[in-house]
Amino acid sequence: MQKLYSKEDKEFLAKIGLKIRVRRLASGLSQEKLAFASKLDRTYIGSVERGERNISVINLRKISSALKINLHELLMTEEHE
């Protein structure tokens with residue numbers, strides 16, 4: 001069963017994914033290296049960065065830890081900053 005998300009939900013996921021990608025690139029990490037550091041699959045990281053996944057809080061915490069940033073930094077979007 002496919003999950004249906006609103007336009008706003010999809011935009012929010014895309015913003016989080018973009019933040020992860022920007023932070024990953026700024027850290028000099030490939031998707032593969034971030035996946036290894038966060039104990040997640042590389043294809044999962046890619047789908048998160050593209051905003052295709054509704055990422056769980058646990059996995060978001062793993063990614064923020066691997067990027068050495070606070071979890072709230074990934075969740076904050078322009079309307080909340």
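This is a predicted model: local features need pLDDT of at least 70, side-chain atom pairs count only at pLDDT 80 or more; totals for chains, interfaces and linings use all residues.
## Order of the helices

Residues are numbered from 1 along each chain as its sequence is written, and side-chain values use heavy atoms, with hydrogens and water left out.

## Overall size and surface

How does the chain's radius of gyration fit with that of a compact globule? With 81 residues, such a globule would have a value near 12 Å, and the chain has 12 Å, which agrees. (The radius is taken over C-alpha atoms, and the globule rule is 2.2 Å times the number of residues to the power 0.38.) Along the principal axes, the C-alpha atoms fill a box of roughly 35 × 30 × 20 Å.

The chain's accessible surface is about 5700 Å², and 54% of that belongs to carbon and sulfur atoms. Areas like this come from the Shrake-Rupley method with a 1.4 Å probe, and for residues only the protein chains shown count as cover. Of the 81 residues, 33% count as buried. Here buried means under 20% relative accessible area, exposed means over 50%, and partly exposed is in between (1.4 Å probe, protein chains only).

As for charge, there are 16 positive and 11 negative side chains, and the centres of the two sets lie 7 Å apart. Lys and Arg count as positive and Asp and Glu as negative, while His and the chain ends are not counted. Each charge is placed at NZ of Lys, CZ of Arg, CG of Asp or CD of Glu.

## The nonpolar core

Which residues have the most contacts inside the largest nonpolar core? They are Ile-20, Leu-34 and Ile-63, in a core of 15 residues. Helices H1 (7–26), H2 (31–38), H3 (42–49) and H4 (57–67) each give two or more residues to this core. The largest share, four residues, comes from H4. A nonpolar core is a set of buried Ala, Val, Leu, Ile, Met, Phe, Trp, Tyr and Cys residues joined through side-chain atoms within 4.5 Å.

Take a closer look at Leu-34. Setting aside neighbours within four places in sequence, Leu-34 is in contact with Ile-20, Arg-24, Leu-29, Ile-45, Ile-63, Ala-66 and Leu-67. Contact means heavy atoms within 4.5 Å. Across the chain, 58% of the contacts with a separation of 6 or more are between residues 24 or more positions apart.

Is H3 mostly covered or mostly open? It's mostly covered, with six of its eight residues buried. Those are Tyr-44, Ile-45, Gly-46, Ser-47, Val-48 and Glu-49, and their cover includes H1, H2 and H4. Just after H3, Gly-51 takes a positive phi of about 75°.

Gln-31 sits in helix H2 and counts as buried, because its relative accessibility is 18%. Leaving out residues up to four places away in sequence, Gln-31 touches Arg-24, Arg-42, Ile-45, Gly-46 and Glu-49. Arg-53 is in the loop between H3 and H4, and at 40% relative accessible area this residue is partly exposed. Arg-53 and Leu-13 are 40 residues apart along the chain, with 7.2 Å between their C-alpha atoms.

## Two lysines in loops

Lys-39 is in the loop between H2 and H3, and its phi is near 60°, a positive value in a residue other than glycine. Lys-39 counts as exposed because its relative accessibility is 71%.

Lys-68 also has a phi near 60°, again positive in a residue other than glycine. You'll find Lys-68 in the loop between H4 and helix H5 (71–75). With a relative accessible area of 76%, Lys-68 is exposed.
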